[in-house]
Amino acid sequence: MTLPELLKARRNEMGLTQRELAEKLGKNFQTYQRWESGLYKPSIENLHLLSAKMDIELSVLIDTYSK
């Protein structure tokens, strides 16, 4: 599974729209949308934020980062 696929799957499990999750993360909607679409990769700081807010192990996020 790629990072964008993981983000989308977990967001759907959480029952949130991209906009709602972006707000929860304190990020611009377009920023999150670009991460989920694979246009951009989040920084390590943002991986920590995603891990905390989406309840995903940081190691899992890092493993999918290069795929």
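This is a predicted model: local features need pLDDT of at least 70, side-chain atom pairs count only at pLDDT 80 or more; totals for chains, interfaces and linings use all residues.
Helix 4 spans residues 44-54, and helix 5 spans residues 58-65. Two packed helices are described by the angle between their axes and the distance between the axes. For helix 4 and helix 5, the axes come within 9 Å and cross at roughly 130°. This angle makes helix 4 oblique to helix 5, and the crossing of the two helices is right-handed. On the side of helix 4, the contact is formed by Ile44, Leu47, His48, Leu50 and Ser51; helix 5 contributes Leu58, Leu61, Ile62 and Tyr65. Classified by residue type, the contact of helix 4 with helix 5 comprises 7 nonpolar and 2 polar residues, with no charged residues.

The buried residues of helix 4 are Asn46, Leu47, Leu50, Ser51 and Met54. Viewed down the axis of helix 4, these residues fall within an arc of 145°, and they therefore line one face of the helix. An α-helix has 3.6 residues a turn, so residues three or four places apart point the same way. The buried residues of helix 4 pack against helix 5 and also against helix 1 (3-14), helix 2 (18-25) and helix 3 (29-37). Leu47, Leu50 and Ser51 are buried and also take part in the contact with helix 5. On the face of helix 4 turned away from its buried side, Glu45 and Ala52 are exposed.

Just after helix 4, Asp55 adopts a positive phi of about 55°.

Notes: Residues are numbered from 1 along each chain as its sequence is written. Side-chain values use heavy atoms; hydrogens and water are left out. Axes are lines fitted to C-alpha atoms, for helices over the stretch in contact, and angles run from 0 to 180 degrees between N-to-C directions. Helices (H or I, at least four residues) and strands (E, at least two) are DSSP runs, numbered from the N terminus. Angles under 35 degrees count as roughly parallel, over 145 as roughly antiparallel, 65 to 115 as roughly perpendicular and the rest as oblique. A crossing is left-handed if the near helix is turned anticlockwise from the far one by less than a right angle, and right-handed if clockwise. Contact means heavy atoms within 4.5 Å. Ala, Val, Leu, Ile, Met, Phe, Trp, Tyr, Cys and Pro count as nonpolar, Asp, Glu, Lys and Arg as charged, and the others, Gly among them, as polar. Buried means under 20% relative accessible area, exposed over 50%, partly exposed in between (1.4 Å probe, protein chains only). The arc is that of the directions from the helix axis to the C-beta atoms.
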